[in-house]
Amino acid sequence: MARYAQIVGWGCYVPERVLTNRDLEGIIDTSDDWIFSRTGIRERRIATNPRETTATMATKAAAAALRVAGVSANEVDLIICSTSSPEHQFPATACLVQDALGAEHAGAFDLSAACSGFVYALTLARSMIATGAAQNVLVIGSETLSRIVDWSDRTTCVLFGDGAGAVLLSASEEPGGILASVLGSDGSGGELLSLPAGGSRMPTTLETVTGRQHYVKMDGAAVFRFATRIMATATREVVQKAGLTLDDIDLIIPHQANARIIESSVHRQLKIPREKIFINLERYGNTSTASIPLALCEAIESGRIKKNDHLVFVSFGAGLTWAATAIKWGAPVPVSQPKWWKEAQRQGAYGAARARSTVRRLLRKYDSLAEDIRVSEIELPERFRVLGLGKRGVKKHEQNGNE
Ligand code: UT7
């Protein structure tokens, strides 16, 4: 029997602090008029509390999605966290979310496809579900871009905001859910939008820090030109792949980067009426991979989505990457409120997850005392010992062809 991947839960989270264009006028040489007329952005949310991070926001959005779906963290098989502002290079932010939720049976990894990451992750989740490898997959887009933008660079810092959105995809026998996807990349445009330092190409040095190479750099005009072309092409392709026409689409949720990009690509080129395009960037700015799930949550809350609607999510971003997906919405909207005792049970499970995590950390500290594995007692296999090889020798031995 065919397995369909339906979005059955959704949730989002934004930090409390609102930073308006007027606030920015006091920090850099800009104006509300310039920002709004060039981008459509009026304000954005900023995580000013250092304890608020990509993982904590992702966890809140994911917990909300599980609540809507009525699924417990224990039933999740996989957590994919798309982000360009991860908690660390490693471990993956998704693993921290897994721990915080107490998702004891879930694999977890981060996905790096910049602003297109959420749609990439949806596509992957759908494949996992369709093949039977997973039943429930949490897909999260979360960003604290305020920590990686250069607040002295007016050409970028006015654009971005922080936030997180998540959906739960579940296997279903009901036809629909994610119908088709289009993923693309063109690495020749990598330098148009990047965070240059901190990786293997440009490791962190005093020079990279003083040269402000750990912040987002962008050729805005080039990205703009790419975006207007690719958003229209990817939408056309995905609609066709799903066996639909543009007229069948009830709502398009585009990546919320710039209202002018959306106007030029989705409205003018594709001739999609404005009432079928969901835009909320005025209040959040560009939250990169979180922008589509954040917009999805608001579209649902404002009654713009009903069962059996055809939706398109379309995005572009650093890489360069692009992605689009066509969806037949299967979940009822609005969903019924969970009973108070179920909610109490859920909160209790998160409390237990926190306690379990603390205990595990403590136990790991004393792990060296464990009787079963004494690292110092583990010896090299016989063939290495005969040759009298240490670690270095092993390498040399392997290079010499293991003779
Ligand atoms: O998720 C993907 C992320 N990236 C994007 O979506 C970015 C796509 N690109 C864009 O959205 C637009 O290119 C921007 C909004 C970034 C810029 O708009 P633009 O119409 O391409 O402006 P521009 O870069 O051509 O700059 C026009 C002028 C320049 O002054 P001069 O050289 O004409 O005197 C800039 O220095 O505006 C100036 N400017 C500003 N002025 C006030 C640039 N940033 C600002 C600012 N406030 N914040």
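Which strands does helix α11 (residues 291-301) lie across, and at about what angle does α11 run to β11? In this predicted model, α11 lies across β11 and β12, and its direction is at about 145° to that of β11.

## The sheet

Both of these strands belong to an open sheet of four strands, whose order is β8-β13-β12-β11 and whose pairing is mixed. The edges are formed by β8 (177-185) and β11 (251-254), each of which pairs on one side only, and the twist from one strand to the next averages 10°. Helix α5 (residues 117-130) also packs on the sheet, where α5 touches β8, β12 and β13 and makes about 55° with the direction of β13.

Within the sheet, strands β12 (residues 310-317) and β13 (residues 321-328) run antiparallel and are joined by eight bridges; F316, for example, has W322 in β13 as its bridge partner.

## The surroundings of the ligand

The ligand is surrounded by 20 residues, of which T30, R154, G220, F224 and A257 are the closest. At least two residues of this shell come from each of α2 (32-39), α6 (154-157) and α8 (220-241), and α8 supplies the largest share, with five residues. By type, the shell consists of ten nonpolar, eight polar and two charged residues.

## Helix α8 and its partner

Helix α8 also packs against helix α9 (residues 259-269) at an angle of about 35°, the axes being 9 Å apart, and the crossing is right-handed. On the α8 side the contact includes F224, A227 and M231, while among the residues they meet in α9 are I261, S264 and V266. The residues of this contact are six nonpolar and five polar, with no charged ones.

How values were computed:
Residues numbered from 1 in each chain as written. Predicted model: local features only at pLDDT ≥ 70, side-chain atom pairs only at ≥ 80, totals over all residues. Near = placed C-beta within 6 Å. Nonpolar A, V, L, I, M, F, W, Y, C, P; charged D, E, K, R; others polar. Axes fitted to C-alpha atoms, helices over the stretch in contact; angles between N-to-C directions. Left-handed = near helix turned anticlockwise from the far one by under 90°. Contact = placed C-beta atoms within 7 Å. Pairing = 2+ DSSP bridges.
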